[in-house]
Structure formats: structure tokens, C-alpha cells
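Q: I have a model open and want to learn how to read it. Can we go through it feature by feature?

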2 protein chains.
Amino acid sequence: MDKRIEELKATVRADAERIEKELDAYLTSKDNDIDLLFETQRYATLDGGKRIRPFLVNEFCRLFGGSEETSMAYACAIEMIHNYSLIHDDLPCMDDDDLRRGRPSTHKAFGYATALLAGDALLTRAFGIIAENDKASAEQNAKAVALLAAAAGDYGMIGGQVLDLQGETEELDMEMLLKVQAMKTGALMECSARLGALAAGFDTDTKESETAGLYARKIGLAFQVIDDILDIEGDQVELGKNIRSDAEHNKTTFMTYYTAEEARVFAAELTAEAVSAIAGIEGSETLTDLAAYLVQRTA
Amino acid sequence: MDKRIEELKATVRADAERIEKELDAYLTSKDNDIDLLFETQRYATLDGGKRIRPFLVNEFCRLFGGSEETSMAYACAIEMIHNYSLIHDDLPCMDDDDLRRGRPSTHKAFGYATALLAGDALLTRAFGIIAENDKASAEQNAKAVALLAAAAGDYGMIGGQVLDLQGETEELDMEMLLKVQAMKTGALMECSARLGALAAGFDTDTKESETAGLYARKIGLAFQVIDDILDIEGDQVELGKNIRSDAEHNKTTFMTYYTAEEARVFAAELTAEAVSAIAGIEGSETLTDLAAYLVQRTA
């Protein structure tokens with residue numbers, strides 16, 4: 001198993017390097033007067049993160065017979081959305097986190113206003129990149145924009161953040177906690193997988209897209225459960241962000257209801273469900289290994 | 001002339017009422033748990049503003065033989081973008097304005113974090129609405145997304161805001177001031193007009209789109225010149241926002257270089273250039289009157 005995980009990590013890393021190159025090109029300023037805006041976006045986006053979401057986009061595209069060339073723009077867009085959300089999440093008015101990926105968070109490094117605008121810029125750019133993807137059809141691109149706007153919007157990520165904030169003043173019950181996590185983290189993971197299917201030619205109403213979405217929802221939730229455990233038991237240096245941040249904000253998490261052991265069992269069940277969703281699809285071993293890797297991670 | 005301006009105002013008002021209805025429907029929550037997020041967006045978006053940008057979308061669509069049905073989604077999207085930018089602009093880390101349209105600004109009414117997220121939600125939703133516009137083709141919608149992302153992004157509105165912030169610590173020369181205003185205000189005005197042309201079937205590389213863009217750039221700049229005058233000479237109650245806000249922030253404006261009289265001459269010249277751009281197009285009288293109205297406004 002360990003050898004397979006090592007291979008998986010190498011695959012994800014190789015994919016991440018190609019994504020890095022694309023993001024670097026997208027985030028190169030063509031106007032010196034606004035270099036600061038690009039510098040801020042580069043700081044927040046480049047050289048960091050596991051790149052799980054863009055990997056899901058590209059891997060599901062490959063799994064369903066598409067080419068990475070077609071999905072790469074979608075992959076970069078979703079990574080921009082993820083990074084904008086981290087910038088805004090870290091702001092003083094939100095989680096007020098001063099550490100991210102082992103470095104000062106973006107507003108600590110560039111100031112509050114510039115960080116806010118850099119987040120807005122990444123969010124805006126993501127949609128432009130999708131719309132201009134000349135490796136896919138206009139139909140695919142329009143559907144991809146709609147898919148991403150829904151996942152990142154009111155009934156997805158942003159709605160989840162609003163509920164998450166409410167969870168700081170009132171304890172969420174388990175049903176609501178599951179809903180918040182599905183919106184806040186799950187929606188963008190699901191969107192990543194479905195964007196990959198879309199790039200391979202499978203619309204949101206196809207079995208392929210449904211399968212991709214189910215797999216990603218399950219690993220997304222497992223990912224969040226592990227995050228909650230690591231926020232208590234993890235190593236701050238290895239994680240590169242402040243631990244015990246949830247407790248500090250009085251957040252309801254899975255650790256409110258589970259012991260670490262119970263939480264790990266729950267994450268393992270979710271992982272099994274994710275793996276079962278893609279079982280039997282030729283070439284799905286990489287995604288099986290990804291699910292296993294994410295649940296055993298320590299950072 | 002006054003009678004024509006009155007008619008123009010009635011036309012704009014009637015258009016604004018139809019836009020209001022659409023925006024109301026878009027901003028109706030389908031999930032009680034996140035009513036607060038919608039309430040905040042409604043507060044920031046409904047019942048306010050002159051709706052100049054969506055009017056430009058619809059009017060240029062009509063001018064070039066298209067139907068308002070096709071352009072209405074684009075019109076609503078641009079108004080959402082405009083209102084998201086006002087929410088974020090008013091935040092304490094930006095202009096720190098507590099008054100907008102005669103009411104407490106959004107963060108004053110709903111708190112910093114919720115206002116930030118409501119802005120993010122409006123920005124995100126705008127692209128979703130365009131992508132799902134079933135009255136236009138997928139090609140048109142993808143092009144509209146690209147056009148809006150460019151106008152609202154790094155080299156447009158957001159870049160202009162970053163430069164505008166820099167203008168608080170260093171005086172901008174006239175060339176740079178013109179550039180900042182073209183990016184910060186002009187780009188979205190130009191985009192509005194070009195979205196209208198696009199909805200009528202005219203791509204960005206057509207003469208029609210160029211004409212629409214030129215007209216809108218000129219009235220956009222004139223609009224900003226008048227704004228700068230009103231920030232000094234205007235009536236706070238009539239304007240519904242704090243005056244002398246520019247001076248308070250040490251902002252370079254057209255009033256840094258011009259007397260009020262000189263500024264009015266400049267605005268009149270820009271208006272004449274805008275009118276000349278559309279002269280000879282059948283049915284362009286409404287847009288001629290709009291240019292005249294915007295330059296003589298007192299609020």
C-alpha cells in the first residue's frame with residue numbers, strides 16, 4: 001500500500017507542477033502599474049497547497065477519456081477560487097488567521113485592502129479563464145461557468161461560510177454541521193470532479209458526472225473530518241497554519257461530537273463509499289489511492 | 001431640452017423597474033438557513049441607484065435591433081457587479097464609508113464579515129446568471145463572461161481600485177488619473193454597452209461594439225468628472241453619501257487639477273464626443289439624451 005501511496009503522491013506532484021506553470025503564466029502582470037495586485041495574487045496562489053481540487057479536475061477528465069489539455073483551464077480556475085476563498089477567510093473580519101502554508105497570510109504580508117482586492121481579482125479571473133478556454137466548446141465553457149458559480153456561490157461555498165460564522169455563536173447540530181461542510185468544502189470538491197467530467201464531454205446530468213460528484217462529495221467530507229482532527233492533534237509546523245483555531249472561534253466541528261478515534265472511523269467509512277462509487281471504472285486506481293492518501297494524511 | 005430629459009428619465013425609470021423585478025427574483029432565497037446572506041445582498045442591491053449600467057446594456061441591445069429579453073440577464077449581472085464593488089469599496093479597510101444611498105452602508109447594517117461575503121456572492125452570481133442566460137446562445141454567453149471578467153478584473157475595475165488606493169499616498173499625474181478612472185469606472189461602463197451589442201448579435205470586434213464602447217467610455221469619464229465635482233459641491237442628503245470623502249482620503253481627483261468650471265467644460269467635451277460617436281444611428285436619441293442628462297445631474 002505504501003508504495004502505491006508514494007506513486008500517487010508523485011502523480012499528484014507532477015500534475016501540480018504543470019498546474020503551477022499555468023497559474024504562473026496567468027498571474028504574470030502585463031501592466032507594471034498594477035504589479036502589486038499580481039504580486040499579491042501570486043503570493044497567495046503559487047508555491048502552495050496540495051492542489052487536490054485541480055488534480056480532481058484533470059484526473060476525472062483523463063478517467064473519462066478526455067485530455068488534460070481540455071481540462072487544464074478549468075483546473076486552474078478552481079484553484080484560483082480555492083485560493084481567493086483562503087485569502088478572504090483569513091481576513092481579520094473573518095477567521096483572522098495570520099498564518100497560512102507556513103507563511104504570513106496574505107493580508108499580513110500585503111495589507112488588508114490589497115488582500116481583499118487580490119481575492120476579488122482571483123475570483124473574477126477564474127470565470128474569465130473558463131470562458132476563454134479554447135480547448136473546449138462554448139457550450140462546455142458556459143456550463144463550466146454555471147457549475148462553478150453555483151458551487152462557489154450562495155448555495156455552495158459562500159452560503160457555507162455564512163452558516164459557519166453563525167456556528168461560532170450557536171452550536172450546530174450534527175445535521176446542520178454536515179450541511180455546512182457539504183456547502184463550504186464539499187461543493188467545490190464536487191464541482192472539481194464534475195468539471196473534469198464536463199471537459200471529457202459528460203454533462204452534469206450524465207451517470208459519469210454523477211459518479212464523479214458522489215466520489216468527490218465523500219472524499220471532501222472525509223477531508224474535512226481529518227482537518228478537524230488535525231486542528232486539535234496536528235503539528236502546527238507541518239500543517240503550516242495555526243492549530244486550535246476552531247476551538248478559539250468556538251466553532252462546532254466533528255470533534256464536538258466525536259472522539260478522534262470515532263472521527264477516524266467516520267472518515268474511513270466515507271473513504272470506502274468514495275472508493276465504491278468509482279470501483280469498476282477502468283483506470284480508477286489513482287483516485288482510489290487518492291482517497292486512501294487523503295484520509296491518512298498528517299498535514 | 002427639459003422635456004426630452006424628463007422623457008429620458010421616465011424611460012430609464014421604466015427600465016429600472018423591470019430590472020428591479022428581475023434582481024428581486026434572482027435574490028430571493030431558496031434556503032431559509034441562508035436568508036441572512038440574501039437579505040444582505042438585497043439590502044445592497046435593491047431599491048437603489050440610477051441603474052445606468054443595466055440601462056446601457058438594454059438600450060444598446062435595442063439600438064442594434066436586439067430584444068431586451070436577450071440582454072436582461074447581462075444587465076442584471078452588470079448591476080450585481082456594480083453593487084458588489086460598492087459593498088467592498090465601502091468596507092473599513094477600503095474607503096470606510098458608512099453612508100450609501102442615504103442609508104447605512106452594507107457593513108454598517110449587517111457587519112463586516114457578512115458584507116464581505118455578500119459582495120463575494122454577488123460577484124459570483126453575476127457570472128452564473130450570464131452563463132445560464134437561455135435567451136442567448138452559449139457562444140454569446142461565454143463571450144459575455146469573458147468580457148465582464150476582463151472589465152471587472154485586473155486590467156479593469158480591480159486594477160483601478162488598487163491604483164486608486166495608491167493615489168491616496170502619492171499624487172497621481174493627469175495621465176495616471178485618466179488611466180485610473182478608465183479602469184475603475186470606464187471599463188464597466190464600456191462593458192455594459194458592449195454586452196448590449198453582444199446580446200444583439202454584435203461581437204466585440206464589430207463596428208457596432210466599438211461604437212458602443214467608445215460612447216460608454218466617454219460618458220463614463222464625464223460621469224466621474226461630475227462625481228468629483230459633486231464630492232465637493234454636492235448636497236450630502238441629495239447624493240445619499242458622504243461628501244468630501246475624496247479630500248478626506250487625500251485622493252487625487254479631477255478637482256486636483258481643475259476648477260469646478262474647468263471640470264464642467266471637460267465633462268461637456270466628453271459628452272459631445274460620446275454623442276458624436278452614436279450620431280447618425282437610427283434611434284440613438286435616447287442615448288444622446290442620457291449623455292446630456294448625466295452631465296447635468298446634481299446627484
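Q: Which residues is A:Phe254 in contact with, leaving aside its neighbours within four places in sequence?
A: A word on the source: this is a predicted model. A contact here means heavy atoms within 4.5 Å. By that test, A:Phe254 is in contact with A:Met174, A:Leu177, A:Leu178, A:Gln181, A:Leu221, A:Gln224, A:Val225, A:Asp228 and A:Phe266. The residue is found in helix α13 of chain A, residues 254–257.

Q: Is A:Phe254 buried or exposed?
A: Look at the relative accessible area. Under 20% counts as buried. A:Phe254 has 0%, so this residue is buried. For a distance along the fold, take A:Asp227, which is 27 residues from A:Phe254 along the chain. The C-alpha atoms of the two are separated by 9.4 Å.

Q: How do I read a nonpolar core, and which residues touch the most other members?
A: In soluble globular proteins, nonpolar side chains tend to be buried together. Here the largest nonpolar core has 173 residues. A:Tyr215, A:Leu290, B:Tyr215 and B:Leu290 touch the most other members. Helix α6 of chain B, residues 112–131, gives the largest share of this core, with 14 residues.

Q: What is A:Tyr215 in contact with, beyond its neighbours within four places in sequence?
A: The partners are A:Leu56, A:Phe60, A:Ala274, A:Ala277, A:Ile278, A:Leu287, A:Leu290 and A:Ala291.

Q: What about B:Tyr215 and B:Ala272: how many Å separate their C-alpha atoms?
A: The separation is 9.7 Å, for residues 57 apart along the chain. B:Ala272 lies in helix α14 of chain B, residues 260–278. Its relative accessibility is 46%, so B:Ala272 counts as partly exposed.

Q: How do I read a helix pair, and at what angle do the axes of α1 and α15 of chain A cross?
A: Take the axes, then their approach and their angle. Helix α1 (residues 2–26) and helix α15 (residues 285–296) of chain A have axes that come within 9 Å and cross at roughly 100 degrees. An angle of 65 to 115 degrees counts as roughly perpendicular. The two helices are therefore roughly perpendicular to each other.

Q: Which residues of α1(A) and α15(A) meet?
A: From α1(A) come A:Arg4, A:Ile5, A:Leu8, A:Lys9, A:Thr11 and A:Val12. They meet A:Glu285, A:Thr286, A:Asp289, A:Leu290, A:Ala292, A:Tyr293 and A:Gln296 of α15(A). The residues of this contact divide into 6 nonpolar, 3 polar and 4 charged.

Q: Now a charged residue. Is A:Asp90 buried or exposed?
A: A:Asp90 is buried, at 3% relative accessible area. It lies in helix α4 of chain A, residues 68–90. The A:Asp90 side chain makes a polar contact of 2.9 Å with the side chain of A:Arg100. Leaving out residues up to four places away in sequence, A:Asp90 touches A:Asp96, A:Asp97, A:Arg100, A:Ser105 and A:His107.

Q: Last, backbone angles. What is phi of B:Asp96 and of B:Arg101?
A: B:Asp96 has a positive phi of about 50 degrees and is not a glycine. B:Asp96 is found in the loop between α4 and β1 of chain B. Phi of B:Arg101 is near 55 degrees, also positive in a residue other than glycine. B:Arg101 is found in the loop between β1 and β2 of chain B. B:Asp96 counts as partly exposed at 47% relative accessibility, and B:Arg101 counts as partly exposed at 23%.

Terms used
Residues numbered from 1 in each chain as written. Chains lettered and ligands numbered in written order. Predicted model: local features only at pLDDT ≥ 70, side-chain atom pairs only at ≥ 80, totals over all residues. Heavy atoms only, no water. Axes fitted to C-alpha atoms, helices over the stretch in contact; angles between N-to-C directions. Helix = DSSP H or I, 4+ residues; strand = E, 2+ residues; numbered from the N terminus. Parallel < 35°, antiparallel > 145°, perpendicular 65-115°, else oblique. Nonpolar A, V, L, I, M, F, W, Y, C, P; charged D, E, K, R; others polar. Core = buried A, V, L, I, M, F, W, Y, C linked by side-chain atoms within 4.5 Å. Buried < 20%, exposed > 50% of the residue type's maximum accessible area, 1.4 Å probe, protein only. Polar contact = N/O pair within 3.5 Å; in protein donor to acceptor, adjacent residues only side chain to side chain.
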